[in-house]
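Here are my notes on this one, as promised. Have the viewer open while you read.

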Amino acid sequence: MADSRTPASPDKSGAASPAPAVTRAAAVLDALAASATGRLTLSDLSREVGIPKSSTSNLLLALEEARLITRQGAEFTLGRKLVELGAAYLGRMDEVQEFYRYCEQASVLSGETVRIAMLDGTSVIYLARYEGHPAVRLTSNIGDKMPVSLCAVGKALIARLNVHDIEEMFPDDAELPVLTPKSLRTGAELKSQLREIREQGYAFEDEESTTGVVCLAVSVPTRGAHGPSLGLSVTALKATYTPEQGSQMVKELKELAHSLGNPMG
């Protein structure tokens with residue numbers, strides 16, 4: 001069954017594209033990625049992309065042949081080829097390689113769960129995850145997306161944005177996604193935290209996405225005008241977390257952020 005998003009208007013996807021077939025193929029992959037079950041039928045995808053079933057069927061055959069999608073009975077899912085492509089992309093990011101190298105050698109972070117994420121609109125995408133703390137495995141994995149208001153790294157990243165842009169993204173009365181009783185609920189609450197983040201130089205998440213888990217995060221200095229907006233976060237159990245531990249975590253996160261943003265020192 002398709003998800004609850006508004007269906008595309010007829011032939012909307014790719015209508016103004018120099019390569020409509022590629023644009024429609026990307027729309028198919030986006031629809032499968034956004035589906036709550038990860039599975040959609042031909043009818044679902046035809047409706048999502050906004051083209052006839054016959055054209056959608058041909059598109060799906062091409063994507064299946066390229067191993068970008070997989071057919072399971074009457075439904076389609078994302079294919080394993082996408083994992084290979086994602087791994088190749090991440091493997092060529094110097095920041096990801098340096099991230100793992102630093103975490104392995106760090107005195108504090110080497111024993112924790114650390115992640116690097118990239119800003120994507122009002123969400124973040126997790127690019128890499130260092131597992132140094134087996135007790136904290138219920139947090140986001142590589143490739144997962146999370147609304148910025150629910151995670152420390154998201155708040156650390158949008159705190160860098162222009163105040164006018166933040167106002168447009170999060171009006172005071174904006175309703176934010178909620179996962180726990182401590183989740184921020186309005187744009188006004190979020191912007192209040194952003195002011196604190198700018199002053200202290202790091203973000204703190206107190207059980208806002210997962211009960212019993214806290215998180216600290218910093219942003220990475222942008223490398224070039226068009227470089228990706230990257231952030232670093234470390235996760236800890238609320239029951240054992242102490243402010244002293246947090247200070248050491250932030251210190252090493254900032255050292256790593258400086259290394260990623262200024263590779264020449």
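1. A convention to start with: a crossing is left-handed if the near helix is turned anticlockwise from the far one by less than a right angle, and right-handed if clockwise. Helices here are DSSP runs (H or I, at least four residues), strands likewise (E, at least two), both numbered from the N terminus. By that rule, helix 1 and helix 2 make a right-handed crossing.

2. On provenance: this is a predicted model, where local features need pLDDT of at least 70 and side-chain atom pairs count only at pLDDT 80 or more, while totals for chains, interfaces and linings use all residues. Numbering runs from 1 along each chain as its sequence is written, and side-chain values use heavy atoms, with hydrogens and water left out.

3. Back to that helix pair. Helix 1 and helix 2 pack at about 120°, with their axes 10 Å apart; axes are lines fitted to C-alpha atoms, for helices over the stretch in contact, with angles from 0 to 180 degrees between N-to-C directions. Helix 1 and helix 2 are therefore oblique to each other (under 35 degrees is roughly parallel, over 145 roughly antiparallel, 65 to 115 roughly perpendicular, the rest oblique). Arg-24, Ala-27, Val-28, Ala-31 and Leu-32 of helix 1 meet Leu-45, Glu-48 and Val-49 of helix 2, contact being heavy atoms within 4.5 Å.

4. Which residues of helix 2 (42-49) are buried? They are Asp-44, Leu-45, Ser-46, Glu-48 and Val-49, with buried meaning under 20% relative accessible area, exposed over 50% and partly exposed in between (1.4 Å probe, protein chains only). Their cover includes helix 1 (20-34), strand 1 (40-41), helix 3 (53-65) and strand 3 (75-78). After helix 2 comes Gly-50, with a positive phi near 85°.

5. Now the largest nonpolar core, with 29 residues. Such a core is a set of buried Ala, Val, Leu, Ile, Met, Phe, Trp, Tyr and Cys residues joined through side-chain atoms within 4.5 Å. Phe-99, Val-114, Ile-116 and Leu-232 touch the most other members. Helix 9 gives the largest share, 6 residues. A second, separate core has 24 residues, among them Val-148, Ile-158, Ile-166 and Phe-170.

6. Finally, Phe-99 and Tyr-100 form an edge-to-face aromatic pair, 5.3 Å centre to centre and 65° between the planes. (Rings of Phe, Tyr and Trp, its six-membered ring, pair if their centres lie within 6.5 Å; planes under 30 degrees apart are stacked, over 60 edge-to-face, the rest tilted.) Phe-99 is buried at 0% relative accessible area, whereas Tyr-100 is partly exposed at 25%.
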